[in-house]
Amino acid sequence: MQKNIKKWIQLIAIMLAMVMLAGCNLIATDRELDAKMTVLEVGGEPVTKAELADMWVNVMNYWYQMLGGQIDTNSPEVRQDALEQAIDAVVAERVVVQRGMALGLDQFTEEELAELEAEVQTQWDEYADRVREEYFAASELEGDALTEAIDAQLEEMGLTQESMLDTLKDRKIPDRVWEYTVQDVVVTPEEVAQEYQGLVDEQKAAYELDITAYASDRMGRQTIYFVPAGYRYVKHVLLRIDAEASAHINAIEAELSTLFGTLGTTQAALRDLEPPATEPTDEEEIPTPTPEPLTEEETAERAETVAVLQAQITELEEAIATKQAELELAQAEAFDALSLRVEDVKSKIDLGLNFDRVIETYGEDTRMTAEPFKSKGYPVIEGLQTHDQAFGQAFQDAAMALEQVGDVSDPVQSGFGFHIIKYVSDSVEHEVGLDAVREEMTESLLTNKQNEVYQQELNQWIEGTKVRRFNNRMDFI
């Protein structure tokens, strides 16, 4: 009996030693094995931890780019929400590919394969060029020997033309599934007409609430379905200041902005050192604790700090005044250099040269030669705010000062250069007409309808697919 016990003890010791030795060997491959661990099964197909982690990182990066400082990427709740979205995305990807394979959409004709292989060859050649520059720039290898060395390096990096072709095939499957799923989706003329009337009513109501919204929509190149009355359209010849002078002015303005920011910060620091002003009030106030009096040393230190800040403020104000004078001089020189060209163009207009021809020949606002502004001009109306205006208040004021259609302004100065503005027409309340937007609306409606149909189908495919989760393995978040 005693011998049997000893044998068992020896056997256990040997087994423990084997486990410990195996553990030592696993240290080197632990990360690789961990990355290959299955964390999901979608329709029986495994998803590795590395694949899900990549998708999770993509989701987190997207959220950060979209929300920036408004999202705490270290929050456990945020990270868990990103994991759930990553899982949904991976599941949807796998389900779509599985659906495509079930429909036989993973098969390619010889012609299609030839196109894919040509695409792979192009990508392979690009990768080979990069490897040649990175690894073989000083190599003495040439010809086939160099090509073989580059191919071997690419394969060592995990790239082969066969694997690239398989990847390219897989990427084609979702597009094929989409096309197969929505191939019978159509939009009827009645649907287009109904959508058009709804958009007309919507825009009309919006412009009745805020007529300046029309200018924002027009200048933002939004599709217009309804035009309100009360606007005037103007065209202009823009003569820009010299590019070098403009860059110089922008640099000065940037320096001014920095100085003003520093001044504001310094003034705030000085205010924080000043005792709060107390004003008598009839209302009963909640008593606040009286701060302890400062020691002589603290009082002297505060006085010294106040003096330093006041000196800094004086220096900043002087620097701002100097920089503003420099800006005014730079602007004056830039506009003076432009004045002869402005006078020449204005004289041509005064002599009767067609205004549109002058815009095409001398104008430097590219939007004036592109529709809809080429035909209609820019919409202006009283009450536009700065953010609604194309060229600022000076342009707006000059455009509204013109009295009759056909009037042309004297040269108007703005931060862009000089403008010569012509009052070309007034807006008349009207619908733009279905024919003017039919093609665009039909395409938009079709896309929306296809998206809706495809999403419904995808949801059904996902519901019909068995998904198994191994939550205890999703420790990368």
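This is a predicted model: local features need pLDDT of at least 70, side-chain atom pairs count only at pLDDT 80 or more; totals for chains, interfaces and linings use all residues.
Local features need pLDDT of at least 70, side-chain atom pairs count only at pLDDT 80 or more, and totals for chains, interfaces and linings use all residues. Residues are numbered from 1 along each chain as its sequence is written, and side-chain values use heavy atoms, with hydrogens and water left out.

**View 1. A negative surface patch with Glu155, Glu162, Asp166 and Asp170.** Patch residues have over 30% relative accessible area and no salt bridge, and like charges are joined within 9 Å. A salt bridge would be a side-chain nitrogen of Lys or Arg within 4 Å of a carboxyl oxygen of Asp or Glu. Helix α6 (residues 161-182) gives the most to this patch, with three residues; helices here are DSSP runs (H or I) of at least four residues. Look for Asp166 in helix α6: its relative accessibility is 43%, so Asp166 counts as partly exposed (between buried, under 20%, and exposed, over 50%, with a 1.4 Å probe and protein chains only).

**View 2. A nonpolar surface patch made by Tyr62, Met66 and Leu67.** Together these residues have about 330 Å² of accessible area, and nonpolar side chains are joined within 5 Å. Leu67 belongs to helix α2 (residues 49-67) and is partly exposed, at 40% relative accessible area.

**View 3. Ser139 in the loop between α4 (110-135) and α5 (143-156).** Ser139 has a relative accessible area of 29%, so this residue is partly exposed. Now find Leu141: its backbone nitrogen lies 3.0 Å from a polar atom of the Ser139 side chain.

Note on methods. Accessible areas come from the Shrake-Rupley method with a 1.4 Å probe; for residues, only the protein chains shown count as cover. Lys and Arg count as positive and Asp and Glu as negative; His and the chain ends are not counted. The place of a charge is taken as NZ of Lys, CZ of Arg, CG of Asp or CD of Glu. Helices (H or I, at least four residues) and strands (E, at least two) are DSSP runs, numbered from the N terminus. A polar contact is a pair of N or O atoms within 3.5 Å; within protein, one must be able to donate a hydrogen and the other to accept it, and residues adjacent in sequence count only if both atoms are side-chain atoms.
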